[in-house]
Amino acid sequence: MTGQSPVWAGFHEGGGPPPLANDASPRPLPHKFLARPVLIIEDEAMIAWWLETLLEDLGFTTIGIAATAADAVALAQTLLPGLVVSDINLGAGEEDGIDVVATIAAGGSIATLFVTGHAEDEAMIRIGAVAPLARVLRKPVAATALREAIAEVLIDPRCH
């Protein structure tokens, strides 16, 4: 693991995510939440794959992945997600994950979880203005913490 960026700290030597079976059992999600489509907005392919695997292990069946702001907005129009899991920094482009969530949630509320290495004060203020009920986890994040945060944003009725 030496020489790797902190973003990859949650990944094991084999190059993929850590084994999910060794994590403590997550709080079970009601079926009505698992039926909701999920939109992952992440420009790092390995992290997007890890998030998708975790969501599938939780029981989600409809998962879309977008790496750019434009792709995320376009996919959200057809996917109609009930949960958005987004990075803040999306690499190239002027819009970031906060901008995308603002666009997707315009006129309503959507359960949102930010998983990011860029949770500075300015970003937290912007998130508070755009999605005040969103949860924010800093990378690297453990699978159990991610599972718990997903359960929190989905079960909290104020997040919908």
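**Reading a fold, one feature at a time**

Colleague: Let's start with Thr68: is Thr68 buried, exposed or partly exposed?

Modeller: Buried means under 20% relative accessible area, exposed means over 50%, and partly exposed is what lies in between (1.4 Å probe, protein chains only). Thr68 has a relative accessible area of 32%, so it is partly exposed. Before going on, keep in mind that this is a predicted model: local features need pLDDT of at least 70, side-chain atom pairs count only at pLDDT 80 or more, and totals for chains, interfaces and linings use all residues. Residues are numbered from 1 along each chain as its sequence is written, and side-chain values use heavy atoms, with hydrogens and water left out.

Colleague: Okay! And where in the chain is Thr68 found?

Modeller: Helices (H or I, at least four residues) and strands (E, at least two) are DSSP runs, numbered from the N terminus. Thr68 sits in the loop between strand 2 (63-66) and helix 3. Its C-alpha lies 8.4 Å from that of Asp96, although the two are 28 residues apart in sequence. Ala92 belongs to the loop between strand 3 (83-86) and helix 4, and its 73% relative accessibility makes Ala92 exposed.

Colleague: Zooming out, how many helices and strands does the protein have?

Modeller: There are 6 helices and 5 strands. Along the sequence they follow the pattern α-β-α-β-α-β-α-β-α-β-α. Of the 160 residues in the protein, 43% are buried. For the surface, accessible areas come from the Shrake-Rupley method with a 1.4 Å probe, and for residues only the protein chains shown count as cover. The protein exposes about 7,900 Å², with 56% of it supplied by carbon and sulfur atoms.

Colleague: Among contacts between residues at least 6 apart in sequence, what percentage join residues at least 24 apart?

Modeller: Contact means heavy atoms within 4.5 Å. Among those contacts, 70% join residues at least 24 apart.

Colleague: How do I describe two helices packed together?

Modeller: Two packed helices are described by the angle between their axes and the distance between the axes. Axes are lines fitted to C-alpha atoms, for helices over the stretch in contact, and angles run from 0 to 180 degrees between N-to-C directions. Here, the axes of helix 4 (residues 97-104) and helix 5 (residues 121-130) come within 10 Å and cross at roughly 5 degrees. That makes helix 4 roughly parallel to helix 5 (under 35 degrees is roughly parallel, over 145 roughly antiparallel, 65 to 115 roughly perpendicular, and the rest oblique).

Colleague: Which residues make the contact?

Modeller: Helix 4 brings Ile98, Asp99, Val101 and Ala102, while helix 5 brings Ala123, Arg126, Ile127 and Val130. Sorted by class, this contact has 6 nonpolar, no polar and 2 charged residues. For these classes, Ala, Val, Leu, Ile, Met, Phe, Trp, Tyr, Cys and Pro count as nonpolar, Asp, Glu, Lys and Arg as charged, and the others, Gly among them, as polar. Ala102 is partly exposed, at 30% relative accessible area.

Colleague: Which residues of helix 6 are buried?

Modeller: Here's the general idea: an α-helix has 3.6 residues a turn, so residues three or four places apart point the same way. In helix 6, the buried residues are Ala143, Leu146, Arg147, Ala149, Ile150, Ala151, Val153 and Leu154. They pack against helix 1 (31-34), helix 2 (45-58), strand 3, strand 4 (111-116) and strand 5 (135-138).
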